[in-house]
Amino acid sequence: MLNQCCKIAFVAALFFNNALIAQDSLKLEKFNEIASRVKKMMRKKGNSLEHLTVVHRQLSEYADVNPEEFKKISEKRIKYNLKERVRYIKMRSRTYNLQQALVSMAILENEKPDLIKVQKLSTKTKTKAHGALLKNITESRTKYTIEPSISYFTWGKNPSEFAFFNAPDADKTIQNAMFSLAGYRTFKLRPSKKVGKRQFYTYSQAGLKIDYFNGMLMPQLSALFTQTSGIDIGYAFNFSNPQDDVPEGTNFYTINIAAYYPINQVSIGLNARLLSDFSDNHFLHYGITLKYNLKLGKKITSAELSKIKSDIQNINMSPLK
């Protein structure tokens, strides 16, 4: 009877042991499956952190199967979360979604106030917001612009010929550079595009422009319409022979037509210039231009600066509307 009971107990123990081994095997398989999902999510940018948290929570239910691997994955997840939150703030700041950037920054800064990386990001985000608020005010007051520029023009040809972007001789390449300085009064200033909370403005201009090109000094009357199309009319004083087969000291009347693409403080343009003495000498030049737009207007007051700082501190973006 005793032997029979021992046999039954042995069989039962063996059965339960096999059941536990099978259960552990299933748990290990499940752990490896979920761990693989978590690792795959962390290999790519832009995955939902909420979804990652849910999957990681599922993995924690099987943590006792492989606690060392679970610890490594958890540490990596913490780093991934921080990296993604930083990337989110930078992206929102870059696109001037400043409300979202500052709110996310405040939460992160509250959670990790001693982390150097977070402190630097906080400074950078607030500086970006301050700059946007400041520009929204100053650019809405633009009354004057000063615009230095540099251009590259083709060697002049008769208007009946086509001018390509190369000089006849290699040693003339440097002579094709033109340096300019213009001063304008703005008018018809109005809001144009808006990127996030950053408001951009457009305007037209009228003023004076001076070009120096290959020994010629050219004072001109200049006008730009909506910052995109312009015309310059003036006179070219010839201090050296700018073209072949032209009598020394020949001066020219000049007219230049331009098309510009403004990008914040910089504009890129295409030009077509005609030099003529209204006699036998006519020269057509094509050129490309890069210019800087320095905008001047009523200065911002100390009270306005204080309000900008207060709005950033309180995450109030209402002045950007």
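What volume does the largest cavity have? The largest cavity has a volume of about 50 Å³. The views below show a predicted model, in which local features need pLDDT of at least 70 and side-chain atom pairs count only at pLDDT 80 or more, while totals for chains, interfaces and linings use all residues. Residues are numbered from 1 along each chain as its sequence is written, and side-chain values use heavy atoms, with hydrogens and water left out.

**View 1. The largest cavity and its lining.** A cavity is a set of points, on a 1 Å grid over the protein atoms alone, where a 1.4 Å probe fits but cannot get out; lining residues have an atom within 4 Å of a point. Grid points are joined across faces, edges and corners, and a volume is the space filled by probe spheres set on the points. The structure holds 2 cavities of 30 Å³ or more. Glu147, Ser149, Ala182, Tyr184, Lys209, Leu224, Tyr260 and Lys291 line the largest cavity. Strand E1 (142–153) and E2 each supply at least two residues of this lining; helices (H or I, at least four residues) and strands (E, at least two) are DSSP runs, numbered from the N terminus. By class, the lining divides into 4 nonpolar, 1 polar and 3 charged residues, where Ala, Val, Leu, Ile, Met, Phe, Trp, Tyr, Cys and Pro count as nonpolar, Asp, Glu, Lys and Arg as charged, and the others, Gly among them, as polar.

**View 2. The second largest cavity.** About 30 Å³ of space lies in this cavity. Among the residues of its lining are Tyr184, Lys209, Leu224 and Tyr260, together with Ser222, Gly230 and Asp232. Strand E4 (216–225), strand E5 (229–238) and E6 each give two or more residues to the lining. The lining has 6 nonpolar, 2 polar and 2 charged residues.

**View 3. The largest pocket.** A pocket is an open set of grid points with protein on both sides within 12 Å along at least five of seven lines. The volume of the largest pocket is about 270 Å³. It is lined by 14 residues, of which Lys193, Phe200, Tyr201, Pro262 and Asn264 are the closest to its centre. At least two lining residues come from each of strand E2 (177–195), strand E3 (198–213) and strand E6 (252–263), and E3 provides the largest share, 4 residues.

**View 4. The second largest pocket.** This pocket holds about 210 Å³ of space. Its lining includes Lys135, Thr138 and Glu139, as well as Gln265 and Ile300. H5 and strand E9 (294–297) are the elements that give two or more residues, and E9 gives the most, with 4 residues.

**View 5. Helix H5 and Thr125.** Thr125 is found in helix H5 (residues 116–138). Thr125 is buried, with a relative accessible area of 2%; buried means under 20% relative accessible area, computed with a 1.4 Å probe on protein chains only. The buried residues of H5 also include Val118, Leu121, Ala129 and Asn136. These buried residues of H5 pack against helix H3 (67–94), helix H4 (98–111), E3 and helix H6 (302–313). Leaving aside neighbours within four places in sequence, Thr125 is in contact (heavy atoms within 4.5 Å) with Ile89, Ser93, Ala101, Leu102 and Met105.

Conventions
Buried < 20%, exposed > 50% of the residue type's maximum accessible area, 1.4 Å probe, protein only.
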